[in-house]
Amino acid sequence: MSMLNVGRPTAPEALPDNDYKHPTLTGGRGLLQDEALIFEMGAWDKTGVDLDEVDLDLSDLGGLTRDEAIGLPGLSEPEAMRHYVRLSQKNHAIDLAIYPLGSCTMKHNPRLNERMARLPGFADVHPLQPQSTVQGALQLMDSLAHWLKTLTGMPAVALSPKAGAHGELCGLLAIRAAHEAKGQGHRKTVLVPTSAHGTNPATAAFVGYRVKEVAQTADGRVDVADLAGKLGPDTAAIMVTNPNTCGLFERDVVEIARLTHEAGAYFYADGANFNAIVGRVRPGDLGVDAMHINLHKTFSTPHGGGGPGAGPVVLSEALAPFAPAPWVVSDGQGGFRLEEREAGEAAQAFGRMCVFHGQMGMYVRALSYMLSHGSDGLRQVAEDAVLNANYLKARLETEMTAAFPEGPCMHEALFDDRWLDGTGITTLDVAKALIDEGFHPMTMYFPLVVRGAMLIEPTETEPRAELDRFAEALLALARAAKAGELERFKGAPYHAPLRRLDETRAARQPKLRWRPESPTALAAE
Ligand SMILES: *Cc1c(COP(=O)(O)O)cnc(C)c1O
(Lines give C-alpha, C1' and ligand atoms only; values in the text may rest on other atoms or scores of the structure.)
Protein backbone atom coordinates (compact mmCIF):
# COMPACT_ATOMS: atom_id res chain seq x y z
CA MET A 1 0.00 0.00 0.00
CA SER A 2 1.37 3.42 -0.83
CA MET A 3 0.91 6.15 1.70
CA LEU A 4 -0.84 8.98 -0.06
CA ASN A 5 -0.79 12.24 1.79
CA VAL A 6 -3.81 13.68 0.16
CA GLY A 7 -4.62 16.18 2.79
CA ARG A 8 -7.02 17.18 5.49
CA PRO A 9 -10.64 18.25 5.07
CA THR A 10 -11.28 21.44 3.18
CA ALA A 11 -11.70 24.41 5.48
CA PRO A 12 -15.33 24.59 6.64
CA GLU A 13 -15.79 28.17 5.34
CA ALA A 14 -15.34 26.81 1.80
CA LEU A 15 -18.49 24.73 2.22
CA PRO A 16 -21.75 26.12 0.92
CA ASP A 17 -24.24 27.11 3.54
CA ASN A 18 -26.84 24.51 2.95
CA ASP A 19 -24.72 21.60 3.89
CA TYR A 20 -22.45 22.36 6.78
CA LYS A 21 -23.53 25.47 8.50
CA HIS A 22 -21.83 24.85 11.78
CA PRO A 23 -18.16 23.97 11.44
CA THR A 24 -17.02 22.24 14.60
CA LEU A 25 -14.23 23.64 16.73
CA THR A 26 -12.10 20.52 16.54
CA GLY A 27 -12.59 19.20 13.03
CA GLY A 28 -14.55 16.27 14.44
CA ARG A 29 -17.94 15.37 12.98
CA GLY A 30 -20.66 13.52 14.79
CA LEU A 31 -18.84 10.98 16.89
CA LEU A 32 -15.93 10.88 14.48
CA GLN A 33 -12.81 12.68 15.69
CA ASP A 34 -10.43 14.29 13.26
CA GLU A 35 -7.43 12.03 12.99
CA ALA A 36 -3.79 13.05 12.74
CA LEU A 37 -1.20 10.98 10.92
CA ILE A 38 0.42 8.48 13.22
CA PHE A 39 3.69 10.38 12.74
CA GLU A 40 2.10 13.60 13.89
CA MET A 41 1.01 12.20 17.21
CA GLY A 42 4.28 13.25 18.64
CA ALA A 43 5.33 10.34 20.84
CA TRP A 44 8.59 8.70 19.92
CA ASP A 45 9.65 7.04 23.10
CA LYS A 46 6.61 4.97 23.91
CA THR A 47 5.97 1.35 23.15
CA GLY A 48 3.12 -0.98 23.88
CA VAL A 49 5.51 -3.83 24.59
CA ASP A 50 8.15 -4.41 27.25
CA LEU A 51 11.21 -5.78 25.58
CA ASP A 52 14.30 -6.94 27.46
CA GLU A 53 17.40 -4.83 26.98
CA VAL A 54 19.52 -6.52 24.35
CA ASP A 55 23.24 -6.71 24.37
CA LEU A 56 24.00 -7.74 20.83
CA ASP A 57 27.37 -8.00 19.25
CA LEU A 58 26.66 -6.04 16.08
CA SER A 59 30.18 -6.23 14.71
CA ASP A 60 29.01 -8.24 11.67
CA LEU A 61 27.27 -5.12 10.42
CA GLY A 62 30.57 -3.29 10.00
CA GLY A 63 29.98 0.39 9.32
CA LEU A 64 26.29 -0.18 8.59
CA THR A 65 25.12 -0.05 12.18
CA ARG A 66 22.39 2.58 12.53
CA ASP A 67 23.49 5.36 14.83
CA GLU A 68 20.41 7.59 14.66
CA ALA A 69 17.04 7.00 16.22
CA ILE A 70 14.93 4.81 13.93
CA GLY A 71 12.08 7.34 14.01
CA LEU A 72 9.10 5.05 14.48
CA PRO A 73 6.08 6.64 16.10
CA GLY A 74 5.35 5.33 19.57
CA LEU A 75 1.82 4.59 20.74
CA SER A 76 0.42 2.58 23.60
CA GLU A 77 -1.89 -0.30 22.73
CA PRO A 78 -5.16 1.62 23.25
CA GLU A 79 -3.82 4.59 21.28
CA ALA A 80 -2.76 2.37 18.40
CA MET A 81 -6.09 0.56 18.48
CA ARG A 82 -8.05 3.81 18.37
CA HIS A 83 -5.90 5.30 15.64
CA TYR A 84 -6.55 2.43 13.26
CA VAL A 85 -10.22 2.01 14.16
CA ARG A 86 -10.79 5.74 13.57
CA LEU A 87 -9.04 5.53 10.23
CA SER A 88 -11.20 2.54 9.30
CA GLN A 89 -14.33 4.57 10.10
CA LYS A 90 -13.36 7.11 7.47
CA ASN A 91 -13.63 4.50 4.77
CA HIS A 92 -16.24 2.26 3.29
CA ALA A 93 -16.37 -1.50 3.76
CA ILE A 94 -18.48 -4.34 2.43
CA ASP A 95 -19.53 -4.93 6.04
CA LEU A 96 -21.19 -1.49 6.13
CA ALA A 97 -23.37 -1.43 3.01
CA ILE A 98 -23.63 -2.30 -0.68
CA TYR A 99 -20.32 -1.78 -2.49
CA PRO A 100 -21.50 -1.55 -6.09
CA LEU A 101 -18.14 -1.19 -7.84
CA GLY A 102 -18.58 -2.68 -11.30
CA SER A 103 -16.00 -5.29 -12.33
CA CYS A 104 -14.90 -5.77 -8.72
CA THR A 105 -17.50 -8.28 -7.41
CA MET A 106 -17.58 -6.83 -3.91
CA LYS A 107 -19.59 -9.57 -2.28
CA HIS A 108 -19.97 -10.45 1.38
CA ASN A 109 -17.00 -12.33 2.82
CA PRO A 110 -18.58 -15.15 4.87
CA ARG A 111 -17.21 -15.37 8.41
CA LEU A 112 -17.03 -19.15 8.12
CA ASN A 113 -14.15 -18.64 5.68
CA GLU A 114 -12.29 -16.57 8.26
CA ARG A 115 -12.84 -19.24 10.91
CA MET A 116 -11.37 -21.89 8.61
CA ALA A 117 -8.40 -19.74 7.60
CA ARG A 118 -7.52 -19.27 11.27
CA LEU A 119 -7.29 -22.98 12.03
CA PRO A 120 -3.73 -23.41 13.31
CA GLY A 121 -3.00 -26.19 10.78
CA PHE A 122 -3.49 -23.63 8.01
CA ALA A 123 -2.64 -20.33 9.69
CA ASP A 124 0.57 -21.41 11.39
CA VAL A 125 2.30 -23.42 8.68
CA HIS A 126 5.60 -22.18 7.31
CA PRO A 127 6.42 -22.48 3.62
CA LEU A 128 9.78 -24.08 4.41
CA GLN A 129 8.34 -26.81 6.63
CA PRO A 130 9.06 -30.39 5.50
CA GLN A 131 6.26 -31.50 3.19
CA SER A 132 5.49 -34.50 5.39
CA THR A 133 4.33 -32.05 8.11
CA VAL A 134 1.93 -30.05 5.88
CA GLN A 135 0.03 -32.84 4.18
CA GLY A 136 -3.33 -31.32 5.12
CA ALA A 137 -2.42 -27.97 3.57
CA LEU A 138 -1.26 -29.70 0.38
CA GLN A 139 -4.47 -31.72 0.28
CA LEU A 140 -6.46 -28.49 0.56
CA MET A 141 -4.54 -27.01 -2.37
CA ASP A 142 -5.22 -30.18 -4.34
CA SER A 143 -8.96 -29.98 -3.55
CA LEU A 144 -9.11 -26.31 -4.53
CA ALA A 145 -7.33 -27.13 -7.80
CA HIS A 146 -9.89 -29.89 -8.41
CA TRP A 147 -12.83 -27.50 -7.89
CA LEU A 148 -11.30 -24.82 -10.12
CA LYS A 149 -10.60 -27.32 -12.90
CA THR A 150 -14.08 -28.84 -12.61
CA LEU A 151 -15.88 -25.47 -12.58
CA THR A 152 -13.96 -24.25 -15.62
CA GLY A 153 -13.71 -27.53 -17.53
CA MET A 154 -9.94 -27.09 -17.83
CA PRO A 155 -7.29 -29.79 -17.25
CA ALA A 156 -4.69 -27.80 -15.29
CA VAL A 157 -4.39 -24.89 -12.90
CA ALA A 158 -1.51 -22.78 -11.62
CA LEU A 159 -2.52 -21.69 -8.13
CA SER A 160 0.35 -19.37 -7.23
CA PRO A 161 -0.45 -16.02 -8.96
CA LYS A 162 -1.39 -13.44 -6.35
CA ALA A 163 -3.97 -11.33 -8.18
CA GLY A 164 -5.91 -11.18 -11.40
CA ALA A 165 -3.24 -9.08 -13.09
CA HIS A 166 -0.56 -11.50 -11.86
CA GLY A 167 -2.66 -14.32 -13.35
CA GLU A 168 -2.74 -12.52 -16.68
CA LEU A 169 1.04 -12.34 -16.56
CA CYS A 170 1.18 -16.06 -15.76
CA GLY A 171 -1.16 -16.91 -18.66
CA LEU A 172 0.74 -14.83 -21.20
CA LEU A 173 4.09 -16.24 -20.03
CA ALA A 174 2.70 -19.76 -20.56
CA ILE A 175 1.46 -18.72 -24.01
CA ARG A 176 4.85 -17.25 -24.90
CA ALA A 177 6.61 -20.42 -23.71
CA ALA A 178 4.22 -22.59 -25.76
CA HIS A 179 4.83 -20.54 -28.91
CA GLU A 180 8.58 -20.65 -28.38
CA ALA A 181 8.49 -24.43 -27.90
CA LYS A 182 6.73 -24.73 -31.29
CA GLY A 183 9.21 -22.47 -33.04
CA GLN A 184 6.56 -19.73 -33.15
CA GLY A 185 8.43 -17.22 -31.01
CA HIS A 186 8.12 -14.64 -33.80
CA ARG A 187 4.45 -14.09 -32.91
CA LYS A 188 4.58 -10.67 -31.27
CA THR A 189 1.04 -9.27 -31.25
CA VAL A 190 -1.76 -9.61 -28.72
CA LEU A 191 -5.28 -8.54 -29.69
CA VAL A 192 -7.36 -6.81 -27.03
CA PRO A 193 -10.92 -5.46 -27.41
CA THR A 194 -11.50 -1.77 -26.75
CA SER A 195 -13.63 -2.50 -23.68
CA ALA A 196 -10.85 -4.48 -21.93
CA HIS A 197 -9.70 -3.80 -18.39
CA GLY A 198 -6.48 -1.80 -18.40
CA THR A 199 -4.51 -4.70 -16.98
CA ASN A 200 -4.97 -6.68 -20.24
CA PRO A 201 -2.97 -4.40 -22.57
CA ALA A 202 -0.60 -3.55 -19.72
CA THR A 203 0.19 -7.23 -19.15
CA ALA A 204 0.67 -7.91 -22.86
CA ALA A 205 3.05 -4.94 -23.13
CA PHE A 206 4.91 -6.06 -20.00
CA VAL A 207 5.54 -9.48 -21.56
CA GLY A 208 6.95 -7.72 -24.64
CA TYR A 209 3.97 -7.98 -26.98
CA ARG A 210 2.57 -5.29 -29.24
CA VAL A 211 -1.05 -4.60 -28.43
CA LYS A 212 -3.61 -4.21 -31.21
CA GLU A 213 -7.14 -3.12 -30.43
CA VAL A 214 -10.18 -4.98 -31.66
CA ALA A 215 -13.29 -2.91 -32.35
CA GLN A 216 -16.62 -3.28 -30.62
CA THR A 217 -20.06 -3.59 -32.18
CA ALA A 218 -22.89 -1.16 -31.50
CA ASP A 219 -24.40 -3.71 -29.10
CA GLY A 220 -21.26 -3.86 -26.93
CA ARG A 221 -19.63 -7.08 -28.12
CA VAL A 222 -16.35 -7.97 -29.85
CA ASP A 223 -16.59 -7.11 -33.56
CA VAL A 224 -15.86 -10.55 -35.02
CA ALA A 225 -15.25 -9.26 -38.54
CA ASP A 226 -12.69 -6.77 -37.23
CA LEU A 227 -11.08 -9.55 -35.17
CA ALA A 228 -10.89 -11.88 -38.18
CA GLY A 229 -9.18 -9.14 -40.17
CA LYS A 230 -6.58 -8.55 -37.47
CA LEU A 231 -5.69 -12.18 -36.64
CA GLY A 232 -2.62 -13.31 -38.53
CA PRO A 233 0.73 -15.10 -38.46
CA ASP A 234 2.03 -12.45 -36.07
CA THR A 235 -0.76 -12.96 -33.48
CA ALA A 236 0.30 -14.69 -30.27
CA ALA A 237 -2.98 -14.42 -28.39
CA ILE A 238 -6.28 -12.68 -27.96
CA MET A 239 -7.43 -11.51 -24.53
CA VAL A 240 -11.21 -11.46 -24.12
CA THR A 241 -13.28 -10.86 -20.99
CA ASN A 242 -16.51 -12.84 -20.83
CA PRO A 243 -18.99 -11.61 -19.72
CA ASN A 244 -17.26 -8.48 -20.93
CA THR A 245 -16.77 -5.23 -19.03
CA CYS A 246 -20.03 -3.85 -20.47
CA GLY A 247 -21.74 -6.59 -18.45
CA LEU A 248 -22.68 -8.50 -21.61
CA PHE A 249 -22.11 -12.09 -22.64
CA GLU A 250 -19.96 -12.46 -25.75
CA ARG A 251 -22.45 -14.36 -27.89
CA ASP A 252 -19.81 -15.17 -30.50
CA VAL A 253 -17.26 -16.51 -28.05
CA VAL A 254 -17.09 -19.97 -29.66
CA GLU A 255 -16.51 -18.39 -33.06
CA ILE A 256 -13.88 -16.09 -31.53
CA ALA A 257 -12.05 -19.15 -30.14
CA ARG A 258 -12.30 -20.98 -33.47
CA LEU A 259 -10.88 -18.05 -35.46
CA THR A 260 -8.12 -17.55 -32.89
CA HIS A 261 -7.01 -21.18 -33.01
CA GLU A 262 -7.26 -21.27 -36.79
CA ALA A 263 -4.76 -18.40 -36.86
CA GLY A 264 -2.41 -20.39 -34.61
CA ALA A 265 -2.95 -18.09 -31.63
CA TYR A 266 -4.14 -18.80 -28.07
CA PHE A 267 -7.30 -17.59 -26.38
CA TYR A 268 -6.65 -15.87 -23.04
CA ALA A 269 -9.89 -15.24 -21.15
CA ASP A 270 -9.95 -12.59 -18.46
CA GLY A 271 -11.98 -14.45 -15.84
CA ALA A 272 -12.58 -11.51 -13.50
CA ASN A 273 -16.31 -11.72 -14.32
CA PHE A 274 -16.58 -15.45 -13.69
CA ASN A 275 -19.11 -14.74 -10.93
CA ALA A 276 -21.76 -14.19 -13.60
CA ILE A 277 -21.39 -17.68 -15.10
CA VAL A 278 -19.88 -19.90 -12.40
CA GLY A 279 -21.71 -23.23 -12.29
CA ARG A 280 -23.52 -22.44 -15.56
CA VAL A 281 -20.81 -22.16 -18.19
CA ARG A 282 -17.44 -23.91 -18.33
CA PRO A 283 -14.89 -21.67 -20.12
CA GLY A 284 -13.07 -24.81 -21.29
CA ASP A 285 -16.14 -25.67 -23.39
CA LEU A 286 -15.91 -22.27 -25.07
CA GLY A 287 -12.38 -22.89 -26.36
CA VAL A 288 -10.41 -20.95 -23.75
CA ASP A 289 -6.67 -21.76 -23.37
CA ALA A 290 -5.91 -19.80 -20.22
CA MET A 291 -8.03 -17.88 -17.75
CA HIS A 292 -7.33 -16.30 -14.40
CA ILE A 293 -9.87 -16.53 -11.62
CA ASN A 294 -9.90 -13.78 -9.00
CA LEU A 295 -10.58 -15.73 -5.81
CA HIS A 296 -11.21 -12.35 -4.17
CA LYS A 297 -14.05 -11.69 -6.58
CA THR A 298 -15.89 -14.89 -7.47
CA PHE A 299 -14.96 -16.91 -4.39
CA SER A 300 -15.49 -14.28 -1.69
CA THR A 301 -11.98 -13.92 -0.30
CA PRO A 302 -11.34 -10.32 0.81
CA HIS A 303 -10.03 -7.69 -1.62
CA GLY A 304 -7.00 -5.49 -1.29
CA GLY A 305 -6.62 -4.00 2.15
CA GLY A 306 -8.71 -6.84 3.59
CA GLY A 307 -5.99 -9.31 2.71
CA PRO A 308 -3.94 -10.35 -0.28
CA GLY A 309 -5.83 -11.51 -3.35
CA ALA A 310 -5.22 -14.66 -5.37
CA GLY A 311 -5.47 -15.20 -9.12
CA PRO A 312 -5.10 -18.89 -10.05
CA VAL A 313 -4.88 -19.56 -13.79
CA VAL A 314 -6.56 -22.53 -15.44
CA LEU A 315 -4.79 -23.86 -18.51
CA SER A 316 -5.78 -25.95 -21.53
CA GLU A 317 -4.05 -29.19 -22.58
CA ALA A 318 -1.85 -27.16 -24.96
CA LEU A 319 -0.58 -24.81 -22.25
CA ALA A 320 -0.52 -27.16 -19.23
CA PRO A 321 3.07 -28.37 -19.78
CA PHE A 322 4.31 -24.78 -19.41
CA ALA A 323 2.56 -24.10 -16.09
CA PRO A 324 4.81 -22.45 -13.51
CA ALA A 325 6.16 -24.39 -10.53
CA PRO A 326 5.13 -25.40 -7.97
CA TRP A 327 2.10 -27.64 -8.17
CA VAL A 328 0.69 -30.33 -5.94
CA VAL A 329 1.01 -33.94 -7.01
CA SER A 330 -1.08 -36.67 -5.38
CA ASP A 331 0.56 -40.07 -4.93
CA GLY A 332 -2.86 -41.69 -5.25
CA GLN A 333 -2.72 -43.13 -1.70
CA GLY A 334 -3.60 -40.04 0.27
CA GLY A 335 -0.12 -38.49 0.19
CA PHE A 336 0.86 -35.24 -1.55
CA ARG A 337 4.06 -33.59 -2.64
CA LEU A 338 4.97 -30.33 -4.34
CA GLU A 339 6.61 -30.44 -7.73
CA GLU A 340 9.01 -27.58 -7.01
CA ARG A 341 11.79 -27.65 -9.58
CA GLU A 342 11.66 -26.95 -13.28
CA ALA A 343 13.15 -30.33 -14.11
CA GLY A 344 11.97 -33.85 -14.86
CA GLU A 345 8.19 -33.82 -15.09
CA ALA A 346 8.22 -30.03 -14.87
CA ALA A 347 11.04 -29.47 -17.36
CA GLN A 348 8.90 -27.21 -19.57
CA ALA A 349 7.57 -24.99 -16.77
CA PHE A 350 8.28 -21.40 -17.71
CA GLY A 351 9.57 -20.61 -14.22
CA ARG A 352 7.67 -19.53 -11.15
CA MET A 353 5.34 -16.68 -10.27
CA CYS A 354 6.43 -16.20 -6.67
CA VAL A 355 8.93 -17.43 -4.13
CA PHE A 356 6.70 -19.94 -2.37
CA HIS A 357 3.26 -21.37 -3.14
CA GLY A 358 0.89 -18.41 -3.29
CA GLN A 359 -1.72 -17.19 -0.82
CA MET A 360 -2.50 -20.11 1.47
CA GLY A 361 -5.07 -18.12 3.48
CA MET A 362 -6.99 -17.30 0.30
CA TYR A 363 -6.97 -20.93 -0.78
CA VAL A 364 -8.57 -21.89 2.53
CA ARG A 365 -11.21 -19.16 2.28
CA ALA A 366 -12.07 -19.98 -1.34
CA LEU A 367 -12.41 -23.71 -0.71
CA SER A 368 -14.48 -23.03 2.40
CA TYR A 369 -16.80 -20.91 0.22
CA MET A 370 -17.03 -23.61 -2.45
CA LEU A 371 -17.74 -26.41 0.01
CA SER A 372 -20.34 -24.38 1.90
CA HIS A 373 -22.21 -23.55 -1.33
CA GLY A 374 -21.79 -26.84 -3.13
CA SER A 375 -22.00 -27.02 -6.90
CA ASP A 376 -25.72 -26.21 -6.95
CA GLY A 377 -25.15 -23.26 -4.62
CA LEU A 378 -22.43 -21.86 -6.87
CA ARG A 379 -24.77 -22.06 -9.82
CA GLN A 380 -27.32 -20.08 -7.83
CA VAL A 381 -24.63 -17.50 -7.03
CA ALA A 382 -24.33 -16.75 -10.76
CA GLU A 383 -28.10 -16.70 -11.24
CA ASP A 384 -28.72 -14.38 -8.30
CA ALA A 385 -25.86 -12.06 -9.28
CA VAL A 386 -27.41 -11.67 -12.74
CA LEU A 387 -30.90 -11.27 -11.30
CA ASN A 388 -29.78 -8.52 -8.91
CA ALA A 389 -28.04 -6.60 -11.69
CA ASN A 390 -31.09 -6.81 -13.92
CA TYR A 391 -33.33 -5.67 -11.08
CA LEU A 392 -31.18 -2.54 -10.67
CA LYS A 393 -31.05 -2.01 -14.43
CA ALA A 394 -34.84 -2.12 -14.64
CA ARG A 395 -35.34 0.23 -11.69
CA LEU A 396 -32.68 2.76 -12.72
CA GLU A 397 -33.62 2.84 -16.39
CA THR A 398 -36.66 4.91 -15.41
CA GLU A 399 -34.39 7.95 -14.88
CA MET A 400 -30.98 6.97 -16.27
CA THR A 401 -29.87 5.86 -19.74
CA ALA A 402 -28.63 2.27 -20.02
CA ALA A 403 -25.60 2.04 -22.30
CA PHE A 404 -27.01 -1.09 -23.96
CA PRO A 405 -30.75 -1.05 -23.31
CA GLU A 406 -31.49 -4.01 -25.57
CA GLY A 407 -32.07 -7.20 -23.63
CA PRO A 408 -30.92 -8.20 -20.16
CA CYS A 409 -27.43 -7.66 -18.77
CA MET A 410 -25.28 -10.20 -16.98
CA HIS A 411 -23.92 -9.44 -13.48
CA GLU A 412 -23.55 -5.67 -13.86
CA ALA A 413 -25.68 -2.84 -15.17
CA LEU A 414 -23.96 -0.22 -17.31
CA PHE A 415 -25.25 3.32 -17.75
CA ASP A 416 -23.86 6.20 -19.79
CA ASP A 417 -24.27 9.92 -19.06
CA ARG A 418 -26.80 10.88 -21.75
CA TRP A 419 -29.40 11.33 -19.02
CA LEU A 420 -27.26 14.16 -17.64
CA ASP A 421 -27.13 16.06 -20.95
CA GLY A 422 -27.87 19.73 -20.43
CA THR A 423 -27.71 19.55 -16.62
CA GLY A 424 -24.06 20.64 -16.28
CA ILE A 425 -23.59 17.68 -13.97
CA THR A 426 -21.10 14.92 -14.68
CA THR A 427 -20.71 11.27 -13.78
CA LEU A 428 -18.08 12.30 -11.22
CA ASP A 429 -20.53 14.72 -9.58
CA VAL A 430 -23.16 11.99 -9.29
CA ALA A 431 -20.63 9.63 -7.71
CA LYS A 432 -19.59 12.25 -5.16
CA ALA A 433 -23.22 13.07 -4.34
CA LEU A 434 -23.86 9.36 -3.72
CA ILE A 435 -21.18 9.46 -1.03
CA ASP A 436 -23.14 12.18 0.77
CA GLU A 437 -26.20 9.93 0.64
CA GLY A 438 -24.28 7.16 2.40
CA PHE A 439 -23.48 4.97 -0.59
CA HIS A 440 -20.18 3.98 -2.12
CA PRO A 441 -20.26 5.01 -5.78
CA MET A 442 -20.28 2.65 -8.70
CA THR A 443 -17.27 2.26 -10.99
CA MET A 444 -16.99 5.43 -13.08
CA TYR A 445 -15.63 6.15 -16.56
CA PHE A 446 -14.96 2.45 -17.18
CA PRO A 447 -15.26 0.80 -19.62
CA LEU A 448 -13.73 3.57 -21.70
CA VAL A 449 -15.93 2.79 -24.70
CA VAL A 450 -19.01 4.21 -22.97
CA ARG A 451 -19.26 7.98 -22.44
CA GLY A 452 -19.37 8.91 -18.75
CA ALA A 453 -19.80 5.23 -17.84
CA MET A 454 -21.41 4.19 -14.55
CA LEU A 455 -20.91 0.47 -14.01
CA ILE A 456 -22.97 -1.03 -11.20
CA GLU A 457 -22.35 -4.53 -9.87
CA PRO A 458 -24.48 -5.35 -6.86
CA THR A 459 -23.43 -9.06 -6.54
CA GLU A 460 -25.75 -11.79 -5.28
CA THR A 461 -25.17 -11.08 -1.61
CA GLU A 462 -27.22 -7.85 -1.55
CA PRO A 463 -30.76 -8.38 -0.28
CA ARG A 464 -33.64 -6.79 -2.15
CA ALA A 465 -34.09 -4.15 0.58
CA GLU A 466 -30.52 -2.92 0.09
CA LEU A 467 -30.92 -2.87 -3.70
CA ASP A 468 -34.06 -0.77 -3.21
CA ARG A 469 -32.34 1.65 -0.84
CA PHE A 470 -29.50 2.10 -3.33
CA ALA A 471 -31.84 2.47 -6.32
CA GLU A 472 -34.01 5.00 -4.48
CA ALA A 473 -30.99 7.10 -3.50
CA LEU A 474 -29.71 7.11 -7.07
CA LEU A 475 -33.15 7.85 -8.52
CA ALA A 476 -33.61 10.74 -6.10
CA LEU A 477 -30.25 12.14 -7.17
CA ALA A 478 -31.18 11.72 -10.82
CA ARG A 479 -34.36 13.73 -10.26
CA ALA A 480 -32.41 16.40 -8.35
CA ALA A 481 -29.89 16.61 -11.22
CA LYS A 482 -32.64 17.05 -13.78
CA ALA A 483 -34.29 19.67 -11.56
CA GLY A 484 -31.07 21.71 -11.74
CA GLU A 485 -29.86 21.34 -8.14
CA LEU A 486 -26.31 22.09 -9.24
CA GLU A 487 -24.89 22.93 -5.85
CA ARG A 488 -25.83 19.57 -4.39
CA PHE A 489 -23.57 17.97 -6.97
CA LYS A 490 -20.78 20.41 -7.70
CA GLY A 491 -19.48 20.65 -4.14
CA ALA A 492 -20.15 17.05 -3.13
CA PRO A 493 -19.16 15.28 -1.04
CA TYR A 494 -20.08 17.69 1.76
CA HIS A 495 -20.41 15.14 4.49
CA ALA A 496 -17.43 12.85 3.91
CA PRO A 497 -14.36 13.11 6.17
CA LEU A 498 -12.40 14.30 3.12
CA ARG A 499 -13.77 16.35 0.23
CA ARG A 500 -12.68 16.15 -3.41
CA LEU A 501 -9.10 15.01 -3.62
CA ASP A 502 -6.64 15.46 -6.43
CA GLU A 503 -6.47 11.73 -7.02
CA THR A 504 -4.40 11.99 -10.18
CA ARG A 505 -1.74 13.99 -8.43
CA ALA A 506 -1.84 11.70 -5.40
CA ALA A 507 -1.25 8.69 -7.67
CA ARG A 508 1.39 10.34 -9.85
CA GLN A 509 3.30 12.15 -7.13
CA PRO A 510 2.69 10.15 -3.98
CA LYS A 511 4.45 11.50 -0.94
CA LEU A 512 5.90 8.36 0.49
CA ARG A 513 7.92 9.92 3.28
CA TRP A 514 6.81 11.95 6.19
CA ARG A 515 9.21 14.75 6.95
CA PRO A 516 8.94 16.16 10.45
CA GLU A 517 10.47 19.51 9.45
CA SER A 518 7.59 20.59 7.20
CA PRO A 519 4.33 19.12 8.40
CA THR A 520 2.27 21.72 6.53
CA ALA A 521 3.70 20.55 3.21
CA LEU A 522 1.72 17.37 3.77
CA ALA A 523 -1.54 18.99 2.86
CA ALA A 524 -2.63 18.37 -0.70
CA GLU A 525 -2.15 21.48 -2.76
C1 LIG B 1 -10.38 -6.93 -11.31
C2 LIG B 1 -10.09 -7.13 -12.74
C3 LIG B 1 -8.80 -7.47 -13.20
C4 LIG B 1 -7.57 -7.45 -12.32
O5 LIG B 1 -7.67 -8.23 -11.18
P6 LIG B 1 -6.80 -7.88 -9.88
O7 LIG B 1 -7.05 -9.04 -8.99
O8 LIG B 1 -7.33 -6.59 -9.36
O9 LIG B 1 -5.36 -7.76 -10.30
C10 LIG B 1 -8.64 -7.74 -14.54
N11 LIG B 1 -9.68 -7.68 -15.40
C12 LIG B 1 -10.93 -7.34 -15.00
C13 LIG B 1 -12.04 -7.30 -16.01
C14 LIG B 1 -11.17 -7.04 -13.66
O15 LIG B 1 -12.39 -6.68 -13.27
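In which helix do Glu 262 and Arg 258 both lie, and how many residues apart are they? Both belong to helix α8, which covers residues 253–262, and they sit four residues apart, about one turn of the helix. Side chains of opposite charge can pair when their charged atoms come close. As you explore, keep in mind that this is a predicted model.

## Salt bridges and the two domains

The structure holds 31 salt bridges. The protein is divided into domain 1, residues 113–369, and domain 2, residues 376–497. Their centres, taken over C-alpha atoms, are separated by 30 Å. Where the domains touch, domain 1 supplies 26 residues and domain 2 supplies 19 residues.

Together, domain 1 and domain 2 bury about 1,800 Å² between them, with 65% of it on carbon and sulfur atoms. On the domain 1 side, Asn 275, Ala 276 and Arg 280 lose the most area to domain 2, together 26% of what that side buries.

Between domain 1 and domain 2 the count is one salt bridge, along with six residue pairs in polar contact. The residues of domain 1 that touch domain 2 divide into 13 nonpolar, 11 polar and two charged.

## Aromatic rings

A pair of aromatic rings is described by the distance of the centres and the angle of the planes. In this model the count comes to three aromatic pairs. One of them is Phe 39 with Trp 514, which is stacked: 5.5 Å centre to centre, with 15 degrees between the planes. This pair links distant parts of the chain, 475 residues apart. Phe 39 is in the segment before α1 (77–89), while Trp 514 is in the segment after α13 (503–508).

## Details of the backbone

Now for some spots along the chain itself. A cis peptide bond joins Ala 325 and Pro 326, with omega about 0 degrees. Pro 326 lies in the loop between β7 (313–315) and β8 (327–330). The peptide bond from Phe 446 to Pro 447 is also cis, with omega near 0 degrees, and Pro 447 is found in the loop between β11 (443–444) and β12 (454–456).

Definitions and conventions: Residues are numbered from 1 along each chain as its sequence is written. This is a predicted model: local features need pLDDT of at least 70, side-chain atom pairs count only at pLDDT 80 or more; totals for chains, interfaces and linings use all residues. Side-chain values use heavy atoms; hydrogens and water are left out. Domain bounds come from an automatic or database domain assignment. Contact means heavy atoms within 4.5 Å. Buried area is the accessible area (1.4 Å probe) that two parts lose on being put together, summed over both. A salt bridge is a side-chain nitrogen of Lys or Arg within 4 Å of a carboxyl oxygen of Asp or Glu. A polar contact is a pair of N or O atoms within 3.5 Å; within protein, one must be able to donate a hydrogen and the other to accept it, and residues adjacent in sequence count only if both atoms are side-chain atoms. Ala, Val, Leu, Ile, Met, Phe, Trp, Tyr, Cys and Pro count as nonpolar, Asp, Glu, Lys and Arg as charged, and the others, Gly among them, as polar. Rings of Phe, Tyr and Trp (its six-membered ring) pair if their centres lie within 6.5 Å; planes under 30 degrees apart count as stacked, over 60 as edge-to-face and the rest as tilted. Helices (H or I, at least four residues) and strands (E, at least two) are DSSP runs, numbered from the N terminus.
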